[in-house]
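Hi,

Here is the structure I said I'd pass on. Have a look at it first, and then read on for my notes.

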Amino acid sequence: MAEKLLEIKNLKQYFNQGKPNEVRAVDDISFDIYKGETLGLVGESGCGKSTTGRTIIRLYDATDGQVIYDGINVHDKKSKNDLKTFNRKMQMIFQDPYASLNPRMKVLDIIAEGLDIHGLVKNSKERKERVVELLETVGLNREHADRYAHEFSGGQRQRLGIARALAVNPEFIIADEPISALDVSIQAQVVNLLKELQEEKGLTYLFIAHDLSMVKYISDRIGVMYFGKLVELAPAEDLYNNPMHPYTQSLLSAIPLPDPNYERTRVRKSYDPASHNYQDGEEIAMREVTPGHFVYCSEKEFATLQAISN
Ligand SMILES: Nc1ncnc2c1ncn2[C@@H]1O[C@H](COP(=O)(O)OP(=O)(O)O)[C@@H](O)[C@H]1O
Ligand SMILES: [Mg+2]
C-alpha cells in the first residue's frame, strides 16, 4: 500500500464568507495524495482547482478543514521555523510563465531566490554553480543565468519556473495548469520534463488542468471538480475507461478523438446537475464504488453504480 504524503480533509475555501457575494470556491473536499504519485485535478475554469492548490500550499488560510502533510496539519498555528520548512517542501509552478517571472530580474536571481531565503548556499560562487546545475536539470544552460526572463520563449520560461521550484529540493509540487499557456508543440516537452524529474527525484505532484486530454499521460489518479466539489476520483485508466459521474462523462465526451471515423460519431454529452433529482435530506457524499474509484453520489445512485459495476 502506498504511503500518504498529504491528507486533505473536508477542506473549504469560501471567499467573502457571509456576504451576498460569497463564493464557495472549495466546498468540503477530501482526498489523499500518495508519496511519489501524480494526482491530476481537472474541471472547467472557475470550479476551484487553483483555490484548492493555493489553500493546500497555504497561500490562503482554509475556511475550514485540514491539510495534513506527513502527519502535521499545515493550517495549525506554527513557529516561523516550521512554516519555513513547509514552504521549502511544497512548491508551486504557475500557469502563466510570463506573469510569474519578474521580467526585470536576472535568471540567476530568480532561481536563487529560494536558495537565499532558505540559506541553502554559502557564497556567490556556490550560488551560481547551484543555479547552473538547476538550469541544466531543466534543459537550459550556463549562458542563460545572466539573461532576463523577458528574453525567453514561453516553453523556456516554464522551464525557469520549474528550476525555481526545484531550487529548494521540494518533495511536493503543485503544477497549476503549467502547460495551458504553451504552444501544443511545447506542451509534451514540458510534461515529459516533469515526468523525468519526478522519477529522478521521487517528487509528488498535484497536476491541475482544465481538460482531460493531457492529464491522462502524467497522472496516476485523477480527481474531477465541479463547482467547488470533488465529484469523482479514480485511477487514471479507470476514470477514462469507466467514468461514473455524469459530469466526468461530459468532460470526456468533449475530448476530440484522433480517429476521424470515431470523431464523426462522437456524441457530446452535456451535464445537467438537476438531472440527479436529489430529494431534501438525501446525503450526497464521495462513495467508493469499486476499489479506489470514488463518486460523489446519493445512496440510491451508489446502489445503481454498484449494480452496473458488478
Ligand atoms: N481571491 C478571490 N476572491 C474572490 N473570489 C475568488 C478568488 N479567487 C478565486 N475566486 C473565485 O473562486 C472560484 C474558483 O476559482 P479558481 O480556484 O481560480 O478556479 P479554477 O482554478 O478552477 O479556474 C471562481 O468563482 C473564482 O471567481
Ligand atoms: Mg485556475
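Let me start with a question: leaving aside its neighbours within four places in sequence, which residues is Arg-287 in contact with? They are His-293, Phe-294, Val-295, Cys-297, Ser-298, Glu-299 and Phe-302, where contact means heavy atoms within 4.5 Å.

Before the rest, some housekeeping. This is a predicted model, in which local features need pLDDT of at least 70 and side-chain atom pairs count only at pLDDT 80 or more, while totals for chains, interfaces and linings use all residues. Residues are numbered from 1 along each chain as its sequence is written, chains are lettered from A and ligands numbered from 1 in the order in which they are written, and side-chain values use heavy atoms, with hydrogens and water left out.

Back to Arg-287, then. It sits in strand β11 (residues 285-290); helices (H or I, at least four residues) and strands (E, at least two) are DSSP runs, numbered from the N terminus. Arg-287 counts as buried because its relative accessibility is 11%. The scale is: buried under 20% relative accessible area, exposed over 50%, partly exposed in between, with a 1.4 Å probe and protein chains only. Two backbone oxygens lie by polar atoms of the Arg-287 side chain: that of Glu-283 at 3.0 Å, and that of Cys-297 at 2.5 Å. Both are polar contacts, that is, pairs of N or O atoms within 3.5 Å, where within protein one must be able to donate a hydrogen and the other to accept it, and residues adjacent in sequence count only if both atoms are side-chain atoms.

On a 1 Å grid over the protein atoms alone, a cavity is a set of points where a 1.4 Å probe fits but cannot get out; a pocket is an open set with protein on both sides within 12 Å along at least five of seven lines; and lining residues have an atom within 4 Å of a point. Grid points are joined across faces, edges and corners, and a volume is the space filled by probe spheres set on the points.

The largest pocket holds about 420 Å³ of space. Its lining has 15 residues, with Asn-87, Met-90, Gln-91, Met-92 and Phe-94 nearest the centre. Two or more residues of that lining come from each of β6 (90-93), α3 (107-117) and α5 (154-166). By type, the pocket lining has eight nonpolar, four polar and three charged residues (Ala, Val, Leu, Ile, Met, Phe, Trp, Tyr, Cys and Pro count as nonpolar, Asp, Glu, Lys and Arg as charged, and the others, Gly among them, as polar).

There is one cavity of 30 Å³ or more. About 50 Å³ of space lies in the largest cavity, and β6 and α5 each give two or more residues to its lining. Helix α5 supplies the largest share, four residues. Among the residues lining this cavity are Met-92, Phe-94, Pro-97 and Arg-157.

Now for a couple of helices. Helix α4 (residues 124-137) has 14 residues and spans 20 Å from first C-alpha to last, close to the 20 Å expected (1.5 Å times one less than the number of residues). At its start, a side-chain oxygen of Asn-123 comes to within 3.2 Å of the backbone nitrogen of Lys-125. The buried residues of α4 are Arg-127, Arg-130, Val-131, Val-132, Leu-134 and Leu-135, and their cover includes α3 and α5. After α4 comes Gly-139, with a positive phi near 85 degrees.

Helix α9 (residues 246-253) is mostly covered, with six of its eight residues buried. The cover over those buried residues includes β3 (38-42), α7, β9 (221-226), β10 (229-235) and α8 (236-241).

Val-224 counts as buried because its relative accessibility is 0%. Not counting residues up to four places away in sequence, Val-224 touches Tyr-247, Thr-248 and Leu-251, among others.

How exposed is Met-105, in the loop between β6 and α3? Met-105 is partly exposed, because its relative accessible area is 22%. Beyond four places in sequence, the residues touched by Met-105 are Ile-110, Glu-113, Arg-147, Tyr-148 and Ala-149.

Cheers
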